[in-house]
Amino acid sequence: MLHIIAAGLIVFAAIFHSVMGEKKLIAPTLAVDDPFIQEPMTQGITRFGWHSASGFFLLTALIIVLPEVSSVLIWATGGLWVTLGFANLIMMKAKHPGGFLLSLIGLLILAGEAL
């Protein structure tokens, strides 16, 4: 059950990441009047990188809910989410809500695998 809750939070995080990231970070950044930023390649790579991360979020949700995924992969997925969450908390001095959510997701995955 904890894996299902974690997967739901991951889907929420992926959608939020793409929608709000585009609105609050990507679009304003790409609107900066700078020759490098205005390059089509820079614009495309920036958007691709941002939104592909959301796609990888969804892949991890799938990993933790599929029935025949190895325990090692689930432990690694949980460990990755916890690590990224703690890194976000440290780097952003706990001012960005993502760190708390990423950490919670990782802890739910690890707890779900341990129980």
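Student: Hi! Which residues does Thr77 touch, leaving out those up to four places away in sequence?

Tutor: Hi! Thr77 touches Thr60, Ile63, Ile64 and Ile109, with residues up to four places away in sequence not counted. Contact here means heavy atoms within 4.5 Å. Before we go on, this is a predicted model, where local features need pLDDT of at least 70, side-chain atom pairs count only at pLDDT 80 or more, and totals for chains, interfaces and linings use all residues. Residues are numbered from 1 along each chain as its sequence is written, and side-chain values use heavy atoms, with hydrogens and water left out.

Student: Great. Where is Thr77, and is it buried or exposed?

Tutor: Thr77 sits in helix H4. Helices (H or I, at least four residues) and strands (E, at least two) are DSSP runs, numbered from the N terminus. Thr77 counts as buried, because its relative accessibility is 5%. The cut-offs are under 20% relative accessible area for buried, over 50% for exposed and partly exposed in between, with a 1.4 Å probe and protein chains only.

Student: What joins the side chains of Thr60 and Trp81?

Tutor: A polar contact of 3.1 Å joins them. That term stands for a pair of N or O atoms within 3.5 Å; within protein, one must be able to donate a hydrogen and the other to accept it, and residues adjacent in sequence count only if both atoms are side-chain atoms.

Student: How many residues are in the largest nonpolar core?

Tutor: It has 14 residues. Those with the most contacts inside this core are Ala6, Ile10, Phe57, Ile64, Trp81, Ile105 and Ile109. A nonpolar core is a set of buried Ala, Val, Leu, Ile, Met, Phe, Trp, Tyr and Cys residues joined through side-chain atoms within 4.5 Å.

Student: And which helices supply at least two residues of this core?

Tutor: H1, H3, helix H4 (71–91) and helix H5 (98–114) each do. H1 provides the largest share, five residues.

Student: Let's zoom in on Ala6. Which residues does Ala6 touch, not counting those up to four places away in sequence?

Tutor: For Ala6, that set is Ile64, Ile105, Leu108 and Ile109.

Student: New topic: how many salt bridges does a search of the whole structure find?

Tutor: The search finds one. Arg47 pairs with Glu22, and their closest N and O atoms are 2.7 Å apart. Arg47 lies in helix H3 (residues 40–65) and Glu22 in helix H1 (residues 2–30), so the pair ties together parts that are 25 residues apart in sequence. A salt bridge needs a side-chain nitrogen of Lys or Arg within 4 Å of a carboxyl oxygen of Asp or Glu.

Student: Why does Arg47 count as partly exposed?

Tutor: Because its relative accessibility is 31%.

Student: Which element gives the most to the nonpolar patch?

Tutor: H3 does, with four residues. H1 and H3 are the elements that give two or more.

Student: Where's Met1 in all this?

Tutor: Met1 is in the segment before H1, and it is exposed, with a relative accessible area of 74%.

Student: Last one, on the backbone. What is phi of Lys93, and of Ala94?

Tutor: Phi of Lys93 is near 55 degrees, a positive value in a residue other than glycine. Phi of Ala94 is near 60 degrees, also positive in a residue other than glycine. Most residues other than glycine have a negative phi.
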